[in-house]
Structures are given as structure tokens and as C-alpha cells.
Amino acid sequence: MSSSSSASPALRLLAPDEPPAFEVVNPEGRSSAVLLCDHASNAVPRSLPELGRQHEALREHTGWDIGAARLSRRMSALLDAPLVLSGYSRLVIDCNRPLGSPTSIPEISCGVPIPGNAIDAAEASARADACFWPYHHAITALLDARRERRKRTAILSIHSFTPAMPGQERPWHAAVLYGRDRRLAAPFLEALRREPGLCVGDNEPYRVTEGGDYGIPTHGEARGLPCVLLEIRQDGLISDEGVEVWAQRLAAIYRAIEASGDLNALPPDAAAGG
């Protein structure tokens with residue numbers, strides 16, 4: 001599948017007056033960091049009215065990563081970094097899941113039934129063409145342009161997580177997630193754990209896997225770029241003050257990593273492991 005598909009359902013999914021499937025902020029930013037926000041929005045196309053009626057689910061973590069877009073935008077400004085944000089809810093299609101995986105277009109999310117997602121393969125393909133591929137093609141185009149300019153690049157994927165899930169209290173204020181490449185994860189973990197009062201998860205409460213994630217494996221690991229997925233607990237991002245504290249903290253850590261040369265300290269294969 002690709003965003004160039006001419007299938008008529010894909011052409012009808014987003015009306016001309018609706019927001020695009022992605023937004024690129026500061027594409028010429030001077031930082032080596034490229035920020036991604038896979039779950040930035042809880043918007044639903046008007047062509048999916050049954051999904052749009054899930055008001056409570058869309059307001060909660062089921063529909064998006066609360067606070068992640070605001071945090072990403074503030075970090076982009078502080079670092080002078082390019083940022084790509086998704087334009088529609090993860091319930092339409094999850095931009096950080098491989099297509100065809102059970103959580104790509106979930107029929108149940110966080111225990112909540114999503115009847116509007118009981119769809120056939122043709123509609124799933126239309127959603128991918130309308131919302132998933134345009135977002136990821138925008139990231140690819142940005143990274144390709146930086147490679148052509150020989151600009152050093154590292155991927156920071158910004159997410160947020162809930163303070164609790166059924167059967168699990170989450171003590172972590174933040175989490176550093178990674179797959180095969182720990183070049184960014186290791187110094188982020190070290191720096192965050194030096195912060196007084198912070199509990200930091202090392203691949204907890206989630207971890208990056210090729211079967212469960214799309215952004216880091218595709219845009220980071222497959223290109224050999226240093227990459228990390230940063231999760232902040234949502235109660236730390238509810239207020240403007242909380243967003244500012246986390247943005248300043250994460251931006252300062254990245255600047256220190258960048259200045260130290262740690263990004264190039266290890267080849268990806270040597271950095272593998274947990």
C-alpha cells in the first residue's frame with residue numbers, strides 16, 4: 001500500500017476542508033534532532049461518524065497521547081528542531097503500529113469497544129492511504145532531505161502514558177524506550193535518573209519492538225540513526241507549567257548529549273541490548 005493509491009474510498013475519507021494527515025513544523029531547523037509525534041491528535045474525519053461519536057474514548061488516552069503535541073511543539077522551539085505531527089486519532093489508524101497488526105485499527109482499546117473499527121480490508125487500506133502513509137512519507141521526505149545535505153540526524157519520538165492501567169499502577173514519571181539502538185537511550189536514562197525525585201522507566205511500561213512499533217524501527221533503526229522513544233506520564237503534562245518543565249528538561253538533556261559527541265560514540269550494532 002502507498003499514499004499514491006487511487007482507490008476511491010481513500011479519496012473520500014478526508015474532505016478538502018478537513019485538516020491534513022500530518023503537520024511539519026520548522027522543517028529547516030538547525031538542530032540534529034528530528035521530533036516525531038505519532039499520537040498528536042484526537043481528530044476524526046467526518047466520513048467516520050460512528051468513530052466520531054466515541055467522544056469519551058477520543059478525549060482520553062484511547063484517542064491520543066494527552067499533552068504529547070504541546071510538549072513536542074515546545075521542544076521543537078527550544079531546540080530549533082524539525083517536528084512532524086500526525087493529524088488524526090490513533091483510533092482512525094495508529095501511526096506507530098505496523099499495518100495489519102491487531103492494534104493498528106483496534107476494535108478494542110484499553111478495554112473500550114470501538115465498534116466503528118469493525119471494518120474490512122478495503123476500508124483499512126483506505127485509512128492507511130489517507131492518514132498513515134502521508135504522515136510517514138512526510139517523515140521520510142524530511143529525513144531524505146537532511147541526508148542529502150549531510151546533516152547529522154537523531155530521532156526523538158515523543159509520547160505520553162497513563163498513570164495507571166487495569167491491574168497496574170505506574171510509578172514512573174517518564175520512560176525511555178528503545179529497541180536495538182541505545183545510543184540515545186543510555187544517556188537519556190543516565191541524565192533523567194540524576195534528577196531528584198524522578199522515577200524513570202528503562203523500557204517500562206512499554207518497550208520498542210519491530211512487531212509492535214513502526215516509527216523507531218523504520219525511521220531510526222533501519223536508517224542507522226540514533227533514536228529513542230520518550231514517554232512522559234500524562235499527569236505531568238496537564239498544565240502549561242508541567243509541559244514547560246518537561247520541555248526544558250528534555251531539551252537540556254539532548255543539548256548535553258549532542259555536545260558530548262555521544263551520538264556517534266557507538267555503531268548501532270554495538271549499541272544493541274537492554
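Modeller: Asn117 touches Leu51, Leu91, Ile105, Pro106, Glu107 and Arg127, leaving aside residues up to four places away in sequence. The model is a predicted one.

Biologist: Is Asn117 buried or exposed?

Modeller: A residue counts as buried under 20% relative accessible area. Asn117 has 2% relative accessibility, so Asn117 is buried.

Biologist: Which residue's side chain makes a polar contact with the side chain of Asn117?

Modeller: The residues that Asn117 touches include Glu107 and Arg127. The side-chain polar contact, at 2.6 Å, is with Arg127.

Biologist: Which residues are closest to the centre of the largest pocket, and how are its lining residues divided by class?

Modeller: The largest pocket holds about 480 Å³ of space. Of its 26 lining residues, the closest to the centre are His61, Arg90, Asp94, Arg97 and Tyr206. Strands E4 (108-109), E6 (154-161) and E11 (227-233) each give the lining at least two residues. By class, the lining has eight nonpolar, ten polar and eight charged residues.

Biologist: How much space lies in the second largest pocket, and how many charged residues are in its lining?

Modeller: The space in the second largest pocket is about 210 Å³. Gly100, Ser104, Ile105, Ile119 and Ala124 are the closest to its centre among 16 lining residues. Nine of the lining residues are nonpolar and five are polar, while the number of charged ones is two.

Biologist: How far apart are the end C-alpha atoms of helix H8, and what span should its residues give?

Modeller: H8 covers residues 240-260, which is 21 residues. At 1.5 Å a residue they should span 30 Å, and the end C-alpha atoms agree with this, being apart by 30 Å.

Biologist: Which elements do the buried residues of H8 pack against?

Modeller: The buried residues of H8 include Trp246, Leu250, Tyr254 and Ile257. Residues three or four places apart in an α-helix point the same way, because there are 3.6 residues a turn. The buried residues of H8 pack against strand E2 (33-37), helix H4 (68-79), E6, strand E9 (174-177), helix H6 (185-193) and E11.

Biologist: What do the buried residues of H6 pack against?

Modeller: In H6 the buried residues are Ala185, Pro187, Phe188, Leu189, Ala191 and Leu192. They pack against E6, E9, strand E10 (200-202), E11 and H8.

Methods
Residues numbered from 1 in each chain as written. Predicted model: local features only at pLDDT ≥ 70, side-chain atom pairs only at ≥ 80, totals over all residues. Heavy atoms only, no water. 1 Å grid on protein atoms, 1.4 Å probe; cavity = no way out; pocket = protein on both sides within 12 Å on 5 of 7 lines; lining within 4 Å. Points joined across faces, edges and corners; volume = space filled by probe spheres on them. Helix = DSSP H or I, 4+ residues; strand = E, 2+ residues; numbered from the N terminus. Nonpolar A, V, L, I, M, F, W, Y, C, P; charged D, E, K, R; others polar. Buried < 20%, exposed > 50% of the residue type's maximum accessible area, 1.4 Å probe, protein only. Polar contact = N/O pair within 3.5 Å; in protein donor to acceptor, adjacent residues only side chain to side chain. Contact = heavy atoms within 4.5 Å. Expected span 1.5 Å × (residues − 1).
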